[in-house]
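A short report goes with the model.

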Amino acid sequence: MKKEQLVATFSIVGADPKTGEVGVGVQSKFLAVGAVVPWAKANVGAVATQSWANTKYGPEGLELLEKGLSPEEVIAKLVADDPGRNLRQVAVINADGEASAFTGEECFEWAGHKIGKNHSAQGNILVSEETVSAMSNSFEQSTDPLAERLIKALAAAQHAGGDSRGKQSAAVYVLQEGAGYGGYNDVKVDLRVDDHPEPIEELLRLYELHKVFGESTEEQLAIEGELFEEIKGHLVRLGMLDTVDHTGYNETVKEALKTFTLRENFDDRWTDERLIDEVVLEHLRKK
């Protein structure tokens, strides 16, 4: 085995059977851990492979899940013929929230896992078992969207001790059918912090940005009266309208607002109706 395969980390695999979301959150003293540990497929499940990580476990595990094997059966097959299994750590969850995990007896201390409702938390080369317990407890106590629950679980784990070697990278990977950009794929959240002194804090910052630029969940405000005049003024100030001399929400004003909205990457918050998303309005005011 090559030394660079050692992925000492803590991670959590999770599922939300109500929404169909499945995913993985991970942090490690390892460069770009998001390129190695997390694997997932919508309506199937998720896999986290770490500690002398065998990356074959990801695609092979998902394939076995899709064939109908239970997470426990999947892990049994993955490790059965693997000569390095005693150094491996892997967790598998299906879309129904059933989870299983394996920690090889030669994984560096502290190493172990904890399986709970709709998740499994695991880690190796940790300060203590409390890291995994804190991760699991945080997940179970939260009702946030899956990606947020996973990131907050990582934060709780780090607060409890984390990786005994320190911090370097983190990632969150969540899939849901049709939830990708423009509805063209299933990748709902795919954020990575490859090298940072505070990777989990940076991951949370990126996630907050991701929510802003994602599909609107905010109130849509009618563009009329004083708000219409304000929007015109901002568009003129930004050079997107020649003059505020527009008495109604005509095509010129509408196209200027649309150009601003799309230019600022708020694609999923644009509507052809005479409405403006609250987030877009706040961004317009601050520009």
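The report covers the basis of the model, the sheet, the helices and the tryptophan.

## Basis

This is a predicted model: local features need pLDDT of at least 70, side-chain atom pairs count only at pLDDT 80 or more, and totals for chains, interfaces and linings use all residues. Residues are numbered from 1 along each chain as its sequence is written, and side-chain values use heavy atoms, leaving out hydrogens and water.

## Sheet

Four strands form an open sheet in the order β3-β4-β5-β6, with antiparallel pairing. β3 and β6 (99-103) are the edge strands; each has a single partner, so one side of each lacks a neighbour in the sheet. From one strand to the next, the twist averages 10°. Strands are DSSP runs of E, at least two residues; helices are runs of H or I, at least four; both are numbered from the N terminus. Pairing takes at least two DSSP bridges between two strands.

β5 (residues 89-94) and β6 pair through five bridges. Ala-91 has Ala-101 in β6 as its bridge partner.

## Helices

Helix α1 (residues 57-66) lies across β3, β4 (45-50) and β5, at about 150° to β4. Helix α2 (residues 71-80) packs on the sheet and touches β5 and β6, at about 30° to β6. Angles run from 0 to 180 degrees between N-to-C directions, with axes fitted to C-alpha atoms, for helices over the stretch in contact.

## Trp-39

Trp-39 sits in β3 (residues 38-41). Its contacts (heavy atoms within 4.5 Å) include Val-24, Val-47, Leu-62 and Tyr-173. The C-alpha atoms of Trp-39 and Glu-66 are 13 Å apart.

How values were computed:
Lists of a residue's contacts leave out its neighbours within four places in sequence.
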